[in-house]
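I opened this entry to record what I looked up.

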Amino acid sequence: MIIATWNVNSIKVRLHAVLQYLSEESPDVLVLQETKSIDDNFPLEAFTDIGYHVIFCGQKTYNGVAIISVLPAEDIHYNPVKTNENEMRSISAVYAGIRIVNLYVVNGQNVDTPKYDYKIKWLKKLLAYSKKELSLNQNMLLLGDFNIAPTDDDVFDADVTKDEILCSDKERDMLSKLLALGFHDLFYDYDFPSQTFTWWDYRGGAFQRNIGYRIDLLLASDQVRSRCTNYFIDKKTRHKSWCVNEPRTSDHVPVRVLLD
DNA sequence: ATGGCACTAAAATAGTGA
């Protein structure tokens, strides 16, 4: 079973790329973030026409999440990590017995802003939801754009990013608390070189210079972890020449795991 | 280094991203 996550930065613009990714990697479950589409405009038929099931919850302009799958979704939770602002940042369902939770964590903009406090508040809601769901189903996978670089090893230059957004102690503490509930970052079970990232700024040739962050994560319960046999970061999708019909790329690349 | 670049809504530019 192949499970993948990808922040696509607009499902409308990235449709060709997502279809090509499905064709090349055949994921059983592909979770998407930043679809930036209201539900009425989601390109549902593009996926159902080729045999996939899709669930999604979106909003105008910002955020939005979706799950594309071979098997139909069971026990769907639409936007379960709720906030006052009703942003569409989460969607979850059960596939082959595994509760898959697709997350687009709040960015936070800057540590000195109200958005940062809101990010911490949102992460507290994620902790509560994750704790409850893990108690109900020990086969669980949290994955998506966490907007947190877990350690200094997950950034291009720890001196530059010290105490900055994505790297602050408070954000990392919240991620540690989440892991302490019984989740494991699957990245660590494989031997990736240092300076392995999943996001690079569009600007300044950041991708070519590998000025990036590792912020797209797959956090598995022990039971799911024990089934994981491989882990891939699909950097090819970041090259303009990869998608035949569309040179525009997401600033994130997909991350994919193989489960027995 | 307060710029880069990309996307959306809207119909010029402003907000957001990380």
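**Largest pocket**

I sorted the lining of the largest pocket by class and got 10 nonpolar, nine polar and 10 charged residues. I note that the model is predicted. For the volume of this largest pocket I have about 690 Å³. The lining holds 29 residues, and Tyr 104, Asn 107, Gly 108, Gln 109 and Asn 147 are the closest to the pocket centre.

**DNA strand B**

Next I looked up the protein surface around the DNA. I find 22 residues surrounding DNA strand B. Ser 10, Glu 34, Asn 107, Leu 166 and Arg 203 are the closest of them.

Then I checked side-chain N or O atoms against phosphate oxygens of DNA strand B. Asn 147 has such an atom 2.9 Å from a phosphate oxygen. For Asp 145 I read 3.4 Å. For His 252 I also read 3.4 Å.

I cross-checked two names. Asn 107 is listed among the residues closest to DNA strand B and among those closest to the centre of the largest pocket. Asn 147 is in that pocket list and has the 2.9 Å phosphate contact.

**Second largest pocket**

I put the volume of the second largest pocket at about 210 Å³. Its lining includes Asp 201, Tyr 202, Phe 207, Arg 238, His 239, Lys 240 and Arg 248. By class, I count four nonpolar, four polar and four charged residues in this lining.

Definitions and conventions
Residues are numbered from 1 along each chain as its sequence is written. Chains are lettered from A and ligands numbered from 1 in the order in which they are written. This is a predicted model: local features need pLDDT of at least 70, side-chain atom pairs count only at pLDDT 80 or more; totals for chains, interfaces and linings use all residues. Side-chain values use heavy atoms; hydrogens and water are left out. A residue is near a molecule or strand if one of its heavy atoms lies within 4 Å of it. A polar contact is a pair of N or O atoms within 3.5 Å; within protein, one must be able to donate a hydrogen and the other to accept it, and residues adjacent in sequence count only if both atoms are side-chain atoms. On a 1 Å grid over the protein atoms alone, a cavity is a set of points where a 1.4 Å probe fits but cannot get out, and a pocket is an open set with protein on both sides within 12 Å along at least five of seven lines; lining residues have an atom within 4 Å of a point. Grid points are joined across faces, edges and corners, and a volume is the space filled by probe spheres set on the points. Ala, Val, Leu, Ile, Met, Phe, Trp, Tyr, Cys and Pro count as nonpolar, Asp, Glu, Lys and Arg as charged, and the others, Gly among them, as polar.
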